[in-house]
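Trainee: I would like to take a close look at a single part of this protein, and I would be glad of a careful walk through it.

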Amino acid sequence: MLKKISPSYIYLFLFFYVNPFIDAITGYLVLSGIVAQGGLGSPSQLFRFIISIVLLLSLKDRKHLFFIYSFIIYIIAVELLNFLFHLDQDGFIVSLAYSYKLVFGFLLYFKLDELIKNKFLDRSIFINFIIHSGIIYSFIVLFTDLLGVSFGSYENGLGSKGVFASANGLGIYIGICALLLIYKNSRKINMKYFFSYSLMSYTLLGLMTRASVGLFVISLFIILFKIPGKYKLITYSLILFSLIYLGNIFIDIFLNAAEVITYRYSNTSSMEEFFGGRQGYLDYAFNEFSTEGILLYRLLIGGGYFLSFRNPNSIDNSVSNFLEVDLYDVFYMYGFVGLVVYSSIFLKGLVWGIKNKTNIILILAWILLYGHSALAGHVIQNGMSIIMLICILLIIKYTDKNENLVSIS
């Protein structure tokens, strides 16, 4: 059995244990100005490209292979068609590079699905790998904070994202890992559990993003609700003691973490604007989007990554083509076809969750992921968040209601 699963575990080790350090190197290079933001050839891109080749060569299911190759051809065809209108060679190359993230997502899903379905990877151990990766990411943030080399989550210096390029992607990844940690330890409490959650909480509060603070609050409420009865008295007593004697410190920490959220709430006029903060940009995209004449095809298959919502007759390269709101980005880039696929994946996760009587924590994680994706983005076009989306979907798919979850090892 060990001989059979060993290659799978080596891959998972590289991806969940080594990849965080690769992302840290990439983030440091980007934030230090050595590598351009969104530039090609970053360590993370190269690392995941190599893994993608390994995944593609190791896939056994012919249906999965057929889908992957068909999807690659479809993506290239969409980008080529739109290239005929914008004629920007650099834009075409960048489009293929970013579209690769979606190909990588499907590759990762199919390979992990294959491993779990064929009993080469135990679902419980798979969850361990994910949680451990969240601990590694959090430890890197703590370590860089202690060294004083961390970067702010925002341009004004607020928050700390360690040396990672995306505060939003990191917050989503760690926040969902925290929910998985609670789910995994819902029947057994130990010091590793408290240490792991404390480390993740430190990162979530320090990031100061809406997602990170929101996920921390949600996870904390779940912990207080799910904690076994024999631990409730001592836990609540410790909380009460802490609030009495350390209340001011906790209040300061939480207010600092929520500073960005408070500012956003007081300066926005709608919930959509609060979550995405992109209302003006969304209005601009709507006014810019043209379907006149032959451009009507964009309603069906979209304008690709580079063209997106922009008018091919008057492209303004000073304005980003990326709205950072996945619901809109999917439509502008991949049309109604993209929206159908995007919505189908969400509904598929919900149906599996209900059918398998999945734990409410996992269903909540799935809804939160897709809700953030639709309203605030930073999921399907973020290398870290899309991994978490795939992992949660697979965990829900292979839920066993008779499974006896134990504490992480």
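Is Arg-123 buried or exposed, and what is its relative accessible area? Please go on from there to the helix that holds Arg-123.

Mentor: Let us keep in mind throughout that this is a predicted model. Arg-123 has a relative accessible area of 5%, and because the cut-off for buried is under 20%, Arg-123 counts as buried. Its side chain takes part in a polar contact of 2.9 Å, and the partner is the side chain of Tyr-183. As for its place in the fold, Arg-123 belongs to helix α5, which covers residues 123–147.

Now follow α5 to a neighbouring helix. The axes of α5 and helix α7, the latter made of residues 191–207, come within 9 Å and cross at roughly 55 degrees. Angles under 35 degrees count as roughly parallel and those from 65 to 115 as roughly perpendicular, and α5 and α7 are therefore oblique to each other. The crossing in which α5 passes α7 is left-handed. On the side of α5, the residues that meet α7 are Ile-131, Gly-134, Ile-135, Ser-138, Phe-139, Val-141, Leu-142 and Asp-145, while α7 brings Ser-196, Leu-199, Met-200, Tyr-202 and Thr-203 to the contact. Sorted by kind, the residues of this contact comprise eight nonpolar, four polar and one charged.

Lys-119 lies in the loop between α4 (89–117) and α5, and although Lys-119 is not a glycine, its phi is positive, at about 65 degrees. With a relative accessibility of 64%, Lys-119 counts as exposed. Met-208 sits in the loop between α7 and α8 (210–226), and Met-208, a residue other than glycine, likewise has a positive phi, near 65 degrees. Met-208, however, counts as buried, since its relative accessibility is 11%.

The protein contains 17 helices and zero strands, and of its 409 residues, 52% count as buried, Arg-123 being one that is buried. Among contacts between residues at least 6 apart in sequence, 73% join residues at least 24 apart.

Methods. Residues numbered from 1 in each chain as written. Predicted model: local features only at pLDDT ≥ 70, side-chain atom pairs only at ≥ 80, totals over all residues. Heavy atoms only, no water. Helix = DSSP H or I, 4+ residues; strand = E, 2+ residues; numbered from the N terminus. Buried < 20%, exposed > 50% of the residue type's maximum accessible area, 1.4 Å probe, protein only. Polar contact = N/O pair within 3.5 Å; in protein donor to acceptor, adjacent residues only side chain to side chain. Axes fitted to C-alpha atoms, helices over the stretch in contact; angles between N-to-C directions. Parallel < 35°, antiparallel > 145°, perpendicular 65-115°, else oblique. Left-handed = near helix turned anticlockwise from the far one by under 90°. Contact = heavy atoms within 4.5 Å. Nonpolar A, V, L, I, M, F, W, Y, C, P; charged D, E, K, R; others polar.
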